[in-house]
Amino acid sequence: MERTFLMVKPDGVQRNLVGEIVSRFEKKGFKLVGAKLMSVDRALAENHYAEHKERPFFGDLVEFITSSPVFAMVWEGEGVIATARKMMGSTNPADAAPGTIRGDYGVQMSQNIIHGSDSPESAKREINLFFSQDEALTYEKAVERWV
Ligand code: RTP
Ligand code: MG
């Protein structure tokens, strides 16, 4: 079954949005298979955002993501990578549709509350970067029969 890496960024944790965000993905019908509150060190941040290394905002992005704890998660379900991105909304909260996480709670590009993997390749890479094998679980949920 498909898996994705989602992370409530420091602004989302500080603003008490962890529960709200977890709730949205639970209610949608996805399965939480891994989660932890953690600090991101510089090496992990630079590795995670390596694709943006040459961009002018890279330094600020690394500074921001290491500034305060994040809530890292692995979610499982049919089409979860693309659907989670839709539920998050556009990168810039100013452009994100109401009803999406960024559309409902964000104002600025640099504080857009949540990260989500953008492809199967990045999902695999990011899950392995943030979670050890035994931290992402495999288990049955009775409710799956009803979703
Ligand atoms: P993310 O990786 O955080 O889930 O966001 P995303 O895929 O929607 O956007 P991406 O292009 O991967 O950019 C990563 C993060 O960098 C910040 N950013 N700032 N100032 C700028 O022009 C700019 N562009 C991107 C955003 O915080 C974005 O989430
Ligand atoms: Mg991205």
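1. His115 carries the label "active site" in UniProt, in an unreviewed entry. The model here is predicted. In it, His115 falls in strand β4, residues 114-116. Its relative accessibility is 10%, so His115 counts as buried, since the cut-off for buried is under 20%.

2. What is His115 in contact with, beyond its neighbours within four places in sequence? The partners are Phe5, Leu6, Met7, Lys9, His48, Tyr49, Met88, Arg102 and Glu126.

3. Now the rings. The count of aromatic pairs is three. One of them joins Phe5 and Phe131 edge-to-face, with 6.4 Å centre to centre and 70° between the planes. Phe5 belongs to strand β1 (residues 3-8), while Phe131 is in the segment after α7 (120-130), so this pair ties together parts 126 residues apart in sequence. Phe5 is buried, at 0% relative accessibility. Phe131 is buried too, at 5%.

4. Phe25 and Trp75 also form a pair, and this one is tilted: the centres are 5.7 Å apart and the planes make 45°. The pair links distant parts of the chain, 50 residues apart: Phe25 sits in helix α2 (residues 18-28) and Trp75 in strand β3 (residues 70-76). Phe25 has a relative accessible area of 0% and is buried. Trp75 is likewise buried, at 0%.

5. Which residues do ring pairs link into a cluster? They are Phe5, Phe130 and Phe131. Phe5 is also among the contacts of His115.

6. Two lysines deserve a look. The charged end of Lys36 sits over the ring of Phe131, 4.7 Å from its centre. Lys31 lies over the face of Tyr139, 4.8 Å from the ring centre.

Technical notes:
Residues are numbered from 1 along each chain as its sequence is written. Chains are lettered from A and ligands numbered from 1 in the order in which they are written. This is a predicted model: local features need pLDDT of at least 70, side-chain atom pairs count only at pLDDT 80 or more; totals for chains, interfaces and linings use all residues. Side-chain values use heavy atoms; hydrogens and water are left out. UniProt positions are given in the numbering used here, feature names are shortened, and annotations may be inferred rather than shown by experiment. Helices (H or I, at least four residues) and strands (E, at least two) are DSSP runs, numbered from the N terminus. Buried means under 20% relative accessible area, exposed over 50%, partly exposed in between (1.4 Å probe, protein chains only). Contact means heavy atoms within 4.5 Å. Rings of Phe, Tyr and Trp (its six-membered ring) pair if their centres lie within 6.5 Å; planes under 30 degrees apart count as stacked, over 60 as edge-to-face and the rest as tilted. A charge sits over a ring if NZ of Lys or CZ of Arg is within 6 Å of the ring centre and within 35 degrees of the ring normal.
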